[in-house]
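Let's take a walk through this protein, one piece at a time. Please keep the sequence and the 3D view side by side as you read.

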Amino acid sequence: MVDYEVTVNTGNRVKATTSNNVHIKLVGTDGESDRTLLKSTVIFRGSVSKYTVSCPNSLGELVLIELEKRPSKILPEDSWFADKVEIKSPENDVYIFPVYCWISDRKTHRYREGKALRIFEESHSLGQYAREQELSQRSADYDWDFYAPGVPYTIKTDDPSTLPDEVKFSFTKKTQFAFTAATALLELKLKGLVDNQENWKNLDDINDVFRNKDTPLSDYVQEQWKEDWLFAYQFLNGVNPNLIQRCKTLPENFPVTDDMVVIPDGSNLSNELQQGNVYLCDYKNLDGMPANTVQGKQQYLTAPLVLLHKRQDDKLMPIAIQLKQTPAEDNPIFFPTDSTYDWLTAKIFVRSADFSEHQLNTHLLRTHLLAEVFAVSLLRNLPMVHPLYKLLISHTRYTLQINELARDALIGPTGLFTQFFASGGEALTKILERSLSSITYRSLCIPDNIADRDLQDVPNFYYRDDGLQLWSIIFKYVQGVIQYYYKSDDEVQQDSELQTWIGDIFEHGFLSQSQTEIPQRFTTVPELTKFVTMVMFTSSCQHAAVNSGQYDYGGWMPNTPVTLQRAPPIEKGTTSEATMLETLPPINVTAQGMAAVWLLSRQSLDFVPLGNYPETHYIEETPCQLQMDFKKELDMLAFTINNRNKSLEIPYTYLDPKNVENSVAI
Ligand code: FE2
């Protein structure tokens, strides 16, 4: 007889303990062990338990293990979460089998040895069989669902509770999320704000919505929200840094002339356009979108054009705003020289349009929904033993559940958007559809995106500075891992699972729209490297950049109104403080909007920062070393960003790697 020393690591998470009987079978190239009971009454969470499995002969090289859990006679069936199993063979070889799964049923679960294997490297028939079985089960567990025409497919599930256990919120996250949402809502109810449909009589009263939830930046925004420089600053470093672009020629539908605008230091608009000092934000994506009806009242959503000028002192300032796309007499162009309330009202309409554009296009579609597509495709097409599964699985954590919750509580029939926000209802899917058809692959890759918007040299653009650094650190890590596994373009082409993965993304995420230029298959190692970098960047950094500041900039409602109740002014000189208060959302809508952005800006108790991998899926030295180097580079960047932020009036913290979560999880 020969002995195998088996060490079982149980996850240190709530409810991971099992009192059921766990059986193991070892499968090697030369045979398999008996199905053997791991003898203990209870396997506790966080425990490391040792067992022996004896066999008549050596099993050769170990290929996989089978785990089964059965209830004992007296104790009820429970769930068990194993992290990994380590096995020392009689030849003194150590094999590691990553598990990281809940075992709740009585089925046989197979786990492969940790060394990554592409499909064309499978030489053992049982390995091949396990691979096929795993993917066939996963295709059933993670099926696509049609959501709306022109919108990416989603995970098929009735509600979050029916998602597979592996992708659900942890107990900690679930409890915290529910508690945070409930306390915010309770506070609003206690203050009588939830049912109060009156308009604000005084802006200062908005302070009473949440007295204890301000952040230093939300306080600052409350003080400074009327300032032109803060209005302009948000296009670079607020929650929607993806709209602004350099403008060398004015769009035909925005007829601003030299004599209309005041440019300091004796220059004029034509000169400044030529010099590259003029920038444009064009909300054409919202043009013609039918605004929602909220509490029986028609709301207003505009598609503005904003012109900004970079002054000699490097400050970016707005110089003209047109609220609708088609120039007309009843669509005046507003300037900072107009009356205080004309100009402020124009800015409020832009900020409200920005809320819709940011939430639906920049945030929901371009991070949440795409991250879901990447996650579902990964789970359907790549087995655990695949090197890219190991690379990307940590970047899918909680994405399916948070999106299901958003589909229910935010954009579903009774969700906040539908009930209270200007772009809810009919406009919502139309905006998503139009946004998806205009996505390009280049726009998802920050170096191309910045180049295409011609923003390489705009001063004080921290989203760009930190984002480009993060992209290059992620790229280096991804390149290292991919080049380790794929020695030639041939190997990429030969990997049928990889090709199915990208094909699934193209079909269900981008609806086979070839103008997006999303790859439909991979031919070279560099192509694969760039795409995987984009997936990691989108699921972590891009989401953090557009998510984390929601309360900072939206916590003071007038800076980011979720809807507007009056039509945009059609002539100048018709606005006042009173019309502004009638334009802004009523009390209950304000309160609901503020509660939502507060909940969605909260960092979770079990937040995992970018580059931290609590699950060890890789066992080979090279990828493990690359992960450590990746983390070191991120730590160095965090240090640099921290130092830079010390001298900034508004520290830009959203892309500090310590604040970036590995995945779209909130
Ligand atoms: Fe988010």
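The paragraphs below go from strands to helices and end with the cysteines.

A word on the ground rules: this is a predicted model, in which local features need pLDDT of at least 70, side-chain atom pairs count only at pLDDT 80 or more, and totals for chains, interfaces and linings use all residues. Residues are numbered from 1 along each chain as its sequence is written, and side-chain values use heavy atoms, with hydrogens and water left out.

Let's begin with strand β2, residues 21-28. Helices (H or I, at least four residues) and strands (E, at least two) are DSSP runs, numbered from the N terminus. Of the 8 residues in β2, 7 are buried, so the strand is largely enclosed by the rest of the structure. Buried here means under 20% relative accessible area, exposed means over 50%, and partly exposed is in between (1.4 Å probe, protein chains only).

Which strands does β2 pair with? Two strands pair if DSSP finds at least two bridges between them. Strand β6 (residues 62-70) pairs with β2 in the antiparallel sense over 8 bridges, and there H23 stands opposite E68. Strand β4 (residues 36-38) also runs antiparallel to β2, joined by 3 bridges, with V22 opposite L38. Strand β3 (residues 31-32) is an antiparallel partner too, over 2 bridges; G28 has G31 as its bridge partner, and a hairpin of 2 residues joins β2 to β3.

The pairing of β12 with β13 (residues 278-282) is antiparallel over 2 bridges, and R246 has Y279 as its bridge partner.

Axes are lines fitted to C-alpha atoms, for helices over the stretch in contact, and angles run from 0 to 180 degrees between N-to-C directions; contact means heavy atoms within 4.5 Å.

Now turn to helix α10 (residues 426-437), where A427, L428, I431, L432, S435 and L436 are buried. Seen down the axis of α10, these buried residues fall within an arc of 160 degrees (taken from the directions from the helix axis to the C-beta atoms), so they line one face of the helix. What covers them includes α6, α9 (416-420) and α15 (496-509).

In helix α8 (residues 399-409) you will find E404. Is this glutamate buried or exposed? E404 is buried, with a relative accessible area of 8%. Leaving aside neighbours within four places in sequence, E404 is in contact with I155, T157, D159 and P160.

Finally, how many disulfides are there? The count comes to 0, where a disulfide is a pair of cysteine sulfur atoms within 2.5 Å. For C247, the closest cysteine sulfur is in C281, 10 Å away, which is too far for a bond. C445 is in no disulfide either, its nearest cysteine sulfur being that of C541, 13 Å away. Both cysteines are buried: C247 has a relative accessible area of 4%, and C445 has 0%.
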